[in-house]
Amino acid sequence: MPIDTDVTLSPGWWFKRLLQELGKRQQRYDLLDSYYRGDPPAPWGPENCSAAFRKFQLKARANWANLIVEAVRERQVPVGFRTGAEGDDFGDAEAWRIWQANNLDAEWKLHNRAKLSMSDAYMIVGPPATEGGVARITPEDPRQVVTAPMPGDRRMTRAALKVFRDDWTGDDLAYLYLPGVVVRARRRAQGDTGTWFDWSLSSSSWEWDGDAQELGVPVVPVVHFGNRSDLFGRSLGEFEDVIDDIDRIHLMLLQRLTVAVMQAFRQRAIKGSLPDNDHNGDPVDYNDLFRADPGAVWQLPDGVDLWESGGVDLTPLLESVKADVRDLAATTRTPMFYLF
């Protein structure tokens, strides 16, 4: 069934708005996730450097973001529930039963890790998977879910969208949540599996997949959890405001590695004049003659000397990195022993 996006506040209108909003956020979330997983952009280097040096740059990265996130996550442990319902002697136990039935001891850690690293995470409440079971609660990645808050009350959700790929059928699926209903849409997957290339809405790609389904409650069952949120609802990853500090540490690590490697293979130069050809008239390969080998012996003609670059003290570079790490610990309030 084609999707009509022209009528304001209609399901098609919400679908288009939320899909485009989700697309805008992908680059930021992917960048934060790359830092957390230890695969941030390589530190700055010359634009025309060789592929070999590019690989060398990658060795200068250290996974500070993971430490900053895990230092917080490891200290956040749910220990029980207090429902606060007056005269309800069994509410706490029922809440604990729902928690355990959804395996949230393990799932909550994944949810919290996403929230701390990428600044946002979501949970969706659905009907029981089996008759007589408890409501299903699923943690969601912010790259697949987005919510629209109620104007004037950011704690209330007006609409929500989840978009994901079914790798078995090769279809992209979308669930649009509105108060009391969920509407499904479908399109053939575009791009490689697991990769999102086109977040725009096209009537030739997305179509409604059946009628709206009643949820049984007049709410949007999608809850947004923002990390370090402000009153405008803007969230911040646990290390997002110190990315420049992390990049600076990576740059100084690269300088240290570069100096160390260059000192291991010091630059040498010949002072004086050497013939270009040997006594037979053949060109002389001085790179082969002056091979850097523990067993090599070099013989130089009279009047010819060798110059070798001097050593560089690495202590200032080491101390500058330590100072930056101390600043990083202070800014993120991470215990120093985690970083050292």
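The model is predicted.

Start with the aromatic rings. A search of the whole structure turns up five aromatic pairs. How is such a pair described? Take W13 and W14. Their ring centres lie 5.1 Å apart and their planes meet at 80°. Planes over 60 degrees apart count as edge-to-face, so W13 and W14 form an edge-to-face pair. Both W13 and W14 are buried.

Now look at F15 and W206. Here the centres are 5.4 Å apart and the planes stand at 80°, so this pair is edge-to-face. Which parts of the chain does the pair link? F15 belongs to helix α1, residues 11-36. W206 sits in the loop between β6 (181-188) and β7 (207-208). The two residues are 191 residues apart, and the pair links distant parts of the chain. F15 and W206 are both buried.

The charged end of K162 sits over the ring of F164, at 5.0 Å from the ring centre. R184 gives another example: its charged end sits over the ring of Y175, 4.8 Å from the centre.

Next come the nonpolar cores. In soluble globular proteins, nonpolar side chains tend to be buried together. In this model, the largest nonpolar core has 26 residues. Which residues have the most contacts inside this core? They are W64, F239, I246, I249 and L328. Several helices contribute: α1, α3 (64-73), α5 (104-118), α6 (243-264) and α8 (315-332) each supply at least two residues of the core. Pick out L328. Beyond its neighbours within four places in sequence, L328 is in contact with W64, I68, V242, D245, I246, I249 and L339. There is also a second, separate core of 20 residues. Among its members are A159, V163, L176 and L178.

Finish with helix α3. Why is α3 described as largely enclosed by the rest of the structure? Eight of its ten residues are buried. The buried residues in α3 are W64, A65, I68, V69, E70, A71, V72 and R73.

Terms used:
Residues numbered from 1 in each chain as written. Predicted model: local features only at pLDDT ≥ 70, side-chain atom pairs only at ≥ 80, totals over all residues. Heavy atoms only, no water. Phe/Tyr/Trp six-rings, centres within 6.5 Å; stacked < 30°, edge-to-face > 60°. Buried < 20%, exposed > 50% of the residue type's maximum accessible area, 1.4 Å probe, protein only. Helix = DSSP H or I, 4+ residues; strand = E, 2+ residues; numbered from the N terminus. Lys NZ or Arg CZ within 6 Å of the ring centre and 35° of its normal. Core = buried A, V, L, I, M, F, W, Y, C linked by side-chain atoms within 4.5 Å. Contact = heavy atoms within 4.5 Å.
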